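Trainee: I'd like to learn how to read a protein model. Could you walk me through one?

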Amino acid sequence: GQLHNFNPNDLGLLSSNPFGKAEGFYARQIDTMNRISEMQVKGGKGKVIEIPRIKELIQEFTIQLPPDKTSIIHGDFKPDNIIIHSTEPKVLAVVDWELSTIGHPLSDLANLCLSYYVPKAFPMYSTFSSVPNNLPESEVHKEYCKVTNTKYPIENWNFYIAFAFFRLTVIIQGVLMRSVLGQASDTTNTVSGLENGMILLANEAWNQLQQNSSQRGKL
């Protein structure tokens, strides 16, 4: 949250050599993920399945685009990239900054909180479901909103989680492509397991978008 409080323009990150684009983060990401997915299906030479409902997903993401916000983001802010003190409740370091850019701050929070939503049936991603005495997601939201002066509850939250699921689906599709081409670094993943994972994650993305649409209709 503290990272998102920095104004990238004040730090010179939007000047002649910008750290990223100031506007339209999610619109660009939707287009990018769609193009990457199309390339992966083509690159898989008939052995890589399409993401289920991808056309409907893209349409719904476009319809439900939340208001644009700009900040410095980590880009891959997930539990695996956070080093926690072994005996004290404090963060020692945040690693893997390769995807850091200018973007929507809630993309970072959604990536972090995705572990609250990933089903146990998908073993390739860390989940919080089996962590004893885990901090409730609502408390994470409240602390974030307090630090960043964001209204709680967070509007369009299910959109952000839906996109995090969609992004993860595209990543898994990439793993599948490399696997069928014999280029995978991890040979423990089976083709059927990766395909089932894609289907599961895409369905989760769709369900989150439906929930978000329902919530928007009540406002």
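Predicted model: local features only at pLDDT ≥ 70, side-chain atom pairs only at ≥ 80, totals over all residues.

Trainee: Which residues of the largest nonpolar core touch the most other members?

Mentor: First the general idea: in soluble globular proteins, nonpolar side chains tend to be buried together. Here the largest core has 48 residues, and Phe61, Leu109 and Phe166 touch the most other members. Two or more residues each come from α1 (25-43), α2, α3 (105-113), α4 (137-148), α5 (157-180) and α6 (191-218). The largest share belongs to α5, which gives 16 residues.

Trainee: What is Phe166 in contact with, leaving aside its neighbours within four places in sequence?

Mentor: Its partners are Met33, Ile51, Ile54, Leu57, Ile58, Phe61 and Ala205. Some of those names will come back when we look at α2.

Trainee: Let's do that now. Which residues of α2 are buried?

Mentor: Helix α2 spans residues 54-63, and its buried residues are Ile54, Leu57, Ile58, Glu60 and Phe61. Because these residues cover an arc of only 165 degrees around the axis, they sit on the same side of α2. On the other side of α2, Lys55 and Ile63 are exposed.

Trainee: And α3, how many of its residues are buried?

Mentor: Nine of the nine, so α3 is largely enclosed by the rest of the structure. The buried residues are Pro105, Leu106, Ser107, Asp108, Leu109, Ala110, Asn111, Leu112 and Cys113. Their cover includes α1, β1 (71-73), β2, β4 (101-103), α4 and α5.

Trainee: How do I read a pair of helices that pack together?

Mentor: Two packed helices are described by the angle between their axes and the distance between the axes. The crossing of α3 past α4 is right-handed. On the α3 side, the contact is made by Pro105, Leu106, Leu109, Leu112 and Cys113, and on the α4 side by Glu137, Val140, His141 and Tyr144.

Trainee: Now α1 and α5: at roughly what angle do their axes cross?

Mentor: They cross at roughly 25 degrees, and the axes come within 10 Å. So α1 and α5 are roughly parallel to each other, because an angle under 35 degrees counts as roughly parallel. This time the crossing of α1 past α5 is left-handed. The contact residues include Tyr26, Ile30 and Met33 of α1, and Phe159, Phe163 and Phe166 of α5. Notice that Phe166 turns up here as well as among the core residues that touch the most other members.

Trainee: Where does Asn149 lie?

Mentor: Asn149 is in the loop between α4 and α5. Its phi is near 60 degrees, a positive value in a residue other than glycine. At 75% relative accessibility, Asn149 counts as exposed, because the cut-off for exposed is over 50%. Arg53 also has a positive phi, near 60 degrees. That residue belongs to the loop between α1 and α2, and at 41% relative accessibility Arg53 counts as partly exposed.

Trainee: Can we finish with a strand? Which strand does Ile84 lie in?

Mentor: Ile84 is in β2, residues 82-84. With a relative accessible area of 48%, Ile84 is partly exposed. Leaving aside neighbours within four places in sequence, Ile84 is in contact with Lys90, Val91 and Leu92. For another pair, take Pro123 and His104, 19 residues apart along the chain, with C-alpha atoms separated by 28 Å. Pro123 lies in the loop between α3 and α4 and is exposed, with a relative accessible area of 72%.

Technical notes: Residues numbered from 1 in each chain as written. Heavy atoms only, no water. Buried < 20%, exposed > 50% of the residue type's maximum accessible area, 1.4 Å probe, protein only. Helix = DSSP H or I, 4+ residues; strand = E, 2+ residues; numbered from the N terminus. Arc of directions from axis to C-beta. Core = buried A, V, L, I, M, F, W, Y, C linked by side-chain atoms within 4.5 Å. Contact = heavy atoms within 4.5 Å. Axes fitted to C-alpha atoms, helices over the stretch in contact; angles between N-to-C directions. Parallel < 35°, antiparallel > 145°, perpendicular 65-115°, else oblique. Left-handed = near helix turned anticlockwise from the far one by under 90°.
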